[in-house]
Amino acid sequence: MWVCSTLWRVRAAARQWRRLLPASGCHGPTASSYSASAEPARVRALVYGHHGDPAKVVELKNLELAAVGGSDVHVKMLAAPINPSDINMIQGNYGLLPELPAVGGNEGVAQVVAVGSNVTGLKPGDWVIPANAGLGTWRTEAVFSEEALIQVPSDIPLQSAATLGVNPCTAYRMLMDFEQLQPGDSVIQNASNSGVGQAVIQIAAALGLRTINVVRDRPDIQKLSDRLKSLGAEHVITEEELRRPEMKNFFKDMPQPRLALNCVGGKSSTELLRQLAACSFLRISNFGAFGCPSGRRTTVQTSSRS
């Protein structure tokens, strides 16, 4: 029920967000070469003045664009996703909450339109993403400090740039923070077709790691398997295959995983744990650590990305 409710709220927010698009366009106008904004302009944004149901508290408003100061950057939003964390923040039950009223949206990619006289690291035309959560990306334009932005390449896909700040970073930290993995080591994960899961596949492949990627069975399982393998997945198996006794033969041709990444829980996480080599990590849900008498170590983390 929580998932259905969240999806409904995400879709409601998406309908609001799409109302911003005609004014901004998909790629925005050609960036100006001047170093300061002219007269104050009006921009559109999705704003909430108090916490609650996003469909009820988020409003489409016209805001005045702030003047560009010496260390400021004027940007035009190109794309901004809607994530469950965005919804949680509006509801007021997220770990990080901005001061109200606030503009929604934690992720996105923008193009620099103008920069202040003291800005040295950015120029008009550059693509940027938020340096931290809570910046408020559900708007057509904005003026931020240079320190609030990170430059990204402008030749990567727009959707990839807009979602660069959360899922890939999460995947990287999970791969790097719990085991000192070496090329040739293996990693097993479930929900492998989630946003984080796909990032894990690509980063692991770049690091020379071998991945065992568990997914739920479905009619088009071969199509999904082919897509994940095109990203760099070495093996794609279903939850049912993971539970079969024959899995013990699976590791005759590859080392047992030193790291397991889980965002499903229940029986699925138990099966991941069974496949781990001794003294390995299982990353599950809600940060915490549990010692295992067998010598295996487990740590836990919740992933709401999918």
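Me: Why is cysteine 263 called partly exposed in this predicted model?

Reply: Cysteine 263 has a relative accessible area of 26%, and since partly exposed covers values between the 20% under which a residue is buried and the 50% over which a residue is exposed, cysteine 263 counts as partly exposed.

Me: What makes cysteine 169 partly exposed?

Reply: The relative accessibility of cysteine 169 is 39%, and because a residue is exposed over 50% and buried under 20%, cysteine 169 is placed in between, as partly exposed. As for cysteine pairing, the structure holds 0 disulfides, a disulfide being a pair of cysteine sulfur atoms within 2.5 Å.

Me: Why is phenylalanine 251 called buried?

Reply: With a relative accessible area of 13%, phenylalanine 251 is buried, because the term applies under 20%.

Me: What makes the aromatic pair of phenylalanine 250 and phenylalanine 251 edge-to-face?

Reply: The ring centres of phenylalanine 250 and phenylalanine 251 are 5.3 Å apart, and rings pair if their centres lie within 6.5 Å; the angle between their planes is 80°, and because planes over 60 degrees apart count as edge-to-face, this pair is given that name. A search of the whole structure finds 1 aromatic pair.

Me: What makes both faces of strand β9 covered?

Reply: In strand β9 (residues 186-189), Ser186 and Ile188 lie on one side and Val187 and Gln189 on the other, and all are buried. In a regular strand the side chains alternate between the two faces of the sheet.

Me: Which residues touch the most other members of the largest nonpolar core?

Reply: Among the 28 residues of the largest nonpolar core, Tyr48, Val73, Val75, Val128, Trp138, Phe144 and Leu149 touch the most other members. The elements that give two or more residues to this core include β1 (42-48), β3 (72-79) and α4 (84-91), and β1 gives the most, with 4 residues. Another core, of 13 residues, lies apart from it, with Leu175, Leu181, Ile203 and Leu259 among them.

Methods. Residues are numbered from 1 along each chain as its sequence is written. This is a predicted model: local features need pLDDT of at least 70, side-chain atom pairs count only at pLDDT 80 or more; totals for chains, interfaces and linings use all residues. Side-chain values use heavy atoms; hydrogens and water are left out. Buried means under 20% relative accessible area, exposed over 50%, partly exposed in between (1.4 Å probe, protein chains only). A nonpolar core is a set of buried Ala, Val, Leu, Ile, Met, Phe, Trp, Tyr and Cys residues joined through side-chain atoms within 4.5 Å. Rings of Phe, Tyr and Trp (its six-membered ring) pair if their centres lie within 6.5 Å; planes under 30 degrees apart count as stacked, over 60 as edge-to-face and the rest as tilted.
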